[in-house]
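Work through the following exercises with the sequence and the model side by side. Try each task on your own before you read its solution.

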Amino acid sequence: DLDVSGVWSIADGLKTGQLGAGLSPAVSLVDLGLESGLQTSSYLEITASLSASGQAGFVFDHYGPEDFKFVVIDTESQQLIIGHSTKRGGVKIDASYDRSEVVSGAELELTISIKGTTLSIVLDGQVIQGFAFNGLVIDGSFGLIVLAGTTAFDTLTLKTNDSAFTDSETFEGLVAVSSPTSISVQTLT
């Protein structure tokens with residue numbers, strides 16, 4: 001983890017984030033140990049359990065403190081929000097969805113899947129929405145974000161098909177040795 005802004009702490013197995021000085025968003029990026037990030041053709045899935053009071057979720061396509069995209073739950077408006085931030089335009093909401101289960105203090109599981117220019121969102125096992133951006137969204141950094149209030153994050157899971165995480169010399173896929181030559185069948189009475 002790379003806590004780039006805001007105030008972050010870890011206690012009792014939870015990572016808690018809140019806004020920093022000047023009310024800047026709290027951002028904690030995932031460090032995969034890659035020099036240039038994921039390949040643009042890669043798939044990325046991020047899942048976390050979170051308990052929020054305010055606005056929190058995932059940041060992706062992150063290039064700096066004012067240049068990123070996000071998916072957050074907003075406990076005040078009871079919505080799931082997709083948005084972006086630019087230096088020139090500030091924070092903008094691209095889409096929002098009313099969700100009655102998004103209330104302060106509720107433990108929710110949020111999943112986003114990113115491939116190329118598309119984003120898919122799942123909240124507590126229910127597919128919420130897909131969204132398409134005008135450009136690639138996989139090539140920047142990604143992680144956790146708190147835009148308002150305080151949020152405790154639990155179990156963070158990442159999945160990717162990026163070739164940087166497969167060693168072609170040692171990786172062996174599942175391969176059948178041979179097909180069976182005869183099958184014995186017994187009659188049931």
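**Exercise 1.** Decide whether Glu101 is buried, partly exposed or exposed, and find the residue with which Glu101 forms a salt bridge.

*Solution.* Begin with the cut-offs: a residue is buried under 20% relative accessible area, exposed over 50%, and partly exposed in between, using a 1.4 Å probe and protein chains only. Glu101 has a relative accessibility of 25%, so it counts as partly exposed. Next, recall that a salt bridge is a side-chain nitrogen of Lys or Arg within 4 Å of a carboxyl oxygen of Asp or Glu. The partner of Glu101 is Arg99, and their closest N and O atoms are 3.0 Å apart.

Before going on, note that this is a predicted model, in which local features need pLDDT of at least 70 and side-chain atom pairs count only at pLDDT 80 or more, while totals for chains, interfaces and linings use all residues. Residues are numbered from 1 along each chain as its sequence is written, and side-chain values use heavy atoms, with hydrogens and water left out.

**Exercise 2.** How many salt bridges does a search of the whole structure find, and which strands hold Glu45 and Lys159?

*Solution.* The search finds three salt bridges. One of them joins the side chains of Glu45 and Lys159, at 3.7 Å from N to O. Glu45 lies in strand β5 and Lys159 in strand β12, so this pair ties together parts that are 114 residues apart in sequence. Glu45 counts as buried at 17% relative accessibility, whereas Lys159, at 45%, counts as partly exposed. Lys69 also forms a salt bridge, with Asp61, and here the closest N and O atoms are 2.7 Å apart. Lys69 is buried at 18% relative accessible area, and Asp61 is buried at 4%.

**Exercise 3.** Which residues touch the most other members of the largest nonpolar core, and which element gives the most to this core?

*Solution.* A nonpolar core is a set of buried Ala, Val, Leu, Ile, Met, Phe, Trp, Tyr and Cys residues joined through side-chain atoms within 4.5 Å. The largest has 35 residues, of which Phe60, Val71, Ile82, Ile112, Leu119 and Ile121 touch the most other members. Elements giving two or more residues to this core include β6 (67-74), β7 (79-86) and β10 (118-123), but β5 gives the most, with eight residues. Take Ile82 as an example: not counting residues up to four places away in sequence, Ile82 touches residues including Phe70, Val71, Leu119 and Ile121.

Conventions
Helix = DSSP H or I, 4+ residues; strand = E, 2+ residues; numbered from the N terminus. Contact = heavy atoms within 4.5 Å.
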